[in-house]
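Dear colleague,

Here is the structure that I promised to pass on to you. Please open it beside this message and follow the notes below with it in view.

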Amino acid sequence: MRFKRVAAVAAAATLAFGLAACGGDSEEGGDTGSGSKTFAAGSTMERLNKAQKIKVGTKFDQPGFGQKGLSGKPEGFDVEIAKLIVKELGIPEDKIEFVETPSKVREDVIANGTVDLVAATYTIKDERKERISFAGPYYEAGQNIMVKKDDSAITGPDSFKDGTKKVCSVTGSTPAEEIKKYVKDVATQLVLFDTYDKCRDALKGGQVDAVTTDNVILLGYIAKDEASFKMAGQNFTKEPYGIGVKKDDTDFRNFINDILEKSYSDGSWKKAWDDTAGKFGAELGNPPTIERY
Amino acid sequence: MNVLIDKFDVFAGGFWLTLQICVLAAIGALLLGAVVAVLRISPVPPLRAVGTAYVNIFRNMPLTVVLFFAAFGLPALGSNADFLRIPGLDAIFSRLGTDLPYFRFGLIALVLYTAAFVCEALRSGVNAVPAGQAEAARSLGLTFGQNLRHVVLPQSWKASVVPLGSVIIAMIKNSALVGFFGVVGDLAQTADQLTSAGGYAFIPVAIGISVGYLIMTVPLGALLDRLEKRQAVAR
Amino acid sequence: MSQQNTVLYDVPGPRQRRITLISSIVATVVLLVGAYFLIYRPLEEKGQFSMELWGPLVDPSNESFSQVWDRLGLGLKNTLTAAALAIVSSLVVGTLLAVLRIQLKSLARRRFTGLATPLSYLLRGLSTVLSAVTRVCVEVFRGLPVVITIFFVARGFPEFGVTFDTLWYLVIGLTIYNSVVIAEILRSGMEGLPGGQGEAAAAIGLSPLQSTRMILLPQAFRIMLPALISQLVVVLKDTSLGFIISYEETLSIGKQIIGVLDNPIQVYVVIAAIFIAVNYSLSKLAQYVQHRLSRGRKSAPRTGAADTELGTEAVAGTTT
């Protein structure tokens, strides 16, 4: 039922914004190709525009944000945001090379230049800023807990303090570190896999009592299987998602920030959401304030 | 290099957990492998077929896939592998007794997978026994079981020890994969955890983890080399 | 195998045949009943046999069928590419390493007479050290899990500013491990050759390097061919570890498909079947080659060589 309603809303939104986008497209349609736009000499933007290709790191297993579907192309909110940025660089969409960047390698691939930017449910954090820089945020998520539909014993992270409930997350991820503050005995209460899909399967099979990560990821699972899962309580952290770029590349960062702000006002930000993660019924809320530092 | 000192307990814990899983899996694999080997040489065709199928399936499948079936197929079959919570044993190997089944799932996968190779090592040992031995035993009127127990197995044992040792070494190395299937805190998962979430420098962690594995594999390998040389001389 | 079986028990008489038949039937029934209650029933109850889950994999009329198999085909292609690159480079590096170790060993034993004493000591010391270093390298890389090696390569190389596609991390990781194993296979093959081979080579004036290249290595290759093919199976299976470093081989693609279709058990069954089919054919090839080889040298005392081959096969085929 809920799915239908969401789909209807999404369709309506797509229609409305599709019209707006059409207008935009015709204006900017020819704006690709080397030298099609002018950037400051020596900037990252100029280099990418000259090269006419870009490598974007995203996730391949995150429904709604970055998931590689059967077509072999990644889809999701992160992917759409990346496309918005790439368009402004004057690079056609088919010249984007998407690289899978699981949580644990994101800093590495930016620092060593494997990718040009990372949009992968990437929480802006001070310790990460020591190695890379962030543009954005373009979305604010929060950590939450997913449990089985009929489970009322877990109401929030504090429910893990008595040492009996088992919780699952992903190796090397922020939620895994965060939940360690609440569990009594890591060895017997915390399960770590390499992807959240496995956590979901473990929850379904009853090997764990809860899965914890950012709310939007959990919403994706709940939307797919409303009969089995539900959310337990409110978000207990704030996770502003940003675009990761090379450390101290301030020009590129400002450039991306400008694009994001523009996308807030011209509706392309909301359209990107409605086409992707919005279908799961997650709320978008107001655009987060861009953090310029 | 500080990480090696600061986090020594983490490395030691990882080593201890890996060692636990290896000891248990080795015992299980040797027992199951022996059973499969008996199936493979048994006179009853369906049992022989089962043994052969078992070996062909598990030898040709990546361990990753076996681990997947253990960790997600078994729950689908309605099992949490509780039969491995053997009283007494789970007091020593505390991970066996917890409600968290992934240690047991990892164990089952390693046992199933390694048993196929144990079976082949044992069988190659049986094949190494000169045919005349078994023939002589039969002409004395020994039955199949007696033949195996008193004549063939005692001799094949010698030829099997070295291949079996290599199988066990390989199993220790394969155990690194369980860290990717829900077992928290073994050596491989520790490496992942420290370098990614912990943010520690890569090289010292790599050294620490390598030493952990080499402590287990290298002495065993050296022992096998000596055994092999001794046998070569005896032959 | 059938030979071995007839060695262990007599050609069955009528009574024995009857017993065998009865126990065969009993065993079959027990196995089938067991499989039904322990495997089929629970799966059926969970709806794991529904066409909704299997359709995209087995039903050509399903809308996702062609896409799914396109993706799986790509995965298989990537798996085979990585395996082929890894086995070729492992063979090359492994052979070089084996020759190097044999040469260093013989160098370390040489006395370098005819040179000034300090120089000869220096050379002897140097070759001993080099020999020890290669030995340590072999022991270390043979003793490390290949997962860990791949993981270290993928994380370590970028640390020093060297970056490749993930394919190359996988290939390098697999090569490091497998070349060492292959080097050991070849070395034991060469050292297992009758001493007369090397002596005869020396007698006709071949240098140690020449004798290795022209006399020892070809024979070692021939003897160890089945073990080498088995190693290919190992490499093929090990490419599945690419999932750890996000290389898109069969298993990673399978995971992506599962992410969309939500049918893990079904996808993994298909992937397992693919791996088993490919690897089983390779093992059969190894057996065939071994058969051909042993037929080729009937006069040679067979049993000893055959044992070691079977032994190495079981051993080599063990990693992951």
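**What was found**

Of the 235 residues of chain B, 54% count as buried, a residue being buried if 20 or more other C-beta atoms, placed from the backbone, lie within 10 Å of its own. Please keep in mind that this is a predicted model, in which local features need pLDDT of at least 70 and side-chain atom pairs count only at pLDDT 80 or more, while totals for chains, interfaces and linings use all residues. Residues are numbered from 1 along each chain as its sequence is written, and chains are lettered from A and ligands numbered from 1 in the order in which they are written.

The secondary structure of chain B comes to eleven helices and zero strands, where helices (H or I, at least four residues) and strands (E, at least two) are DSSP runs numbered from the N terminus. The C-alpha atoms of this chain fill a box of roughly 70 × 50 × 35 Å, taken along the principal axes.

In all, 60 residues of chain B are in contact with 56 residues of chain C, contact meaning that the C-beta atoms of two residues, placed from the backbone, lie within 7 Å. On the side of chain B that touches chain C, H9(B) gives the most, with eleven residues. That side divides into 41 nonpolar, 14 polar and five charged residues; here Ala, Val, Leu, Ile, Met, Phe, Trp, Tyr, Cys and Pro count as nonpolar, Asp, Glu, Lys and Arg as charged, and the others, Gly among them, as polar.

H9(B) also bends by about 50 degrees at B:Val152, and a proline, B:Pro154, follows within four residues; the bend is the angle between axes fitted to the seven residues ending at a residue and the seven starting there. Whereas a straight helix of 31 residues would span 45 Å at 1.5 Å a residue, H9(B) spans only 35 Å between its end C-alpha atoms, the expected span being 1.5 Å times one less than the number of residues.

**A sheet in chain A**

Chain A holds an open sheet of five strands in the order E10-E9-E11-E8-E12, with mixed pairing, and two strands pair if DSSP finds at least two bridges between them. The edge strands, each of which pairs on one side only, are E10 (190-193) and E12 (229-231) of chain A. Strand E9 (residues 167-170) of chain A pairs with E10(A) in the parallel sense over four bridges, and A:Cys168 stands opposite A:Val191 in E10(A).

With best wishes

Terms used. A residue is buried if 20 or more other C-beta atoms lie within 10 Å of its own, exposed if 12 or fewer, and partly exposed in between; C-beta atoms are placed from the backbone.
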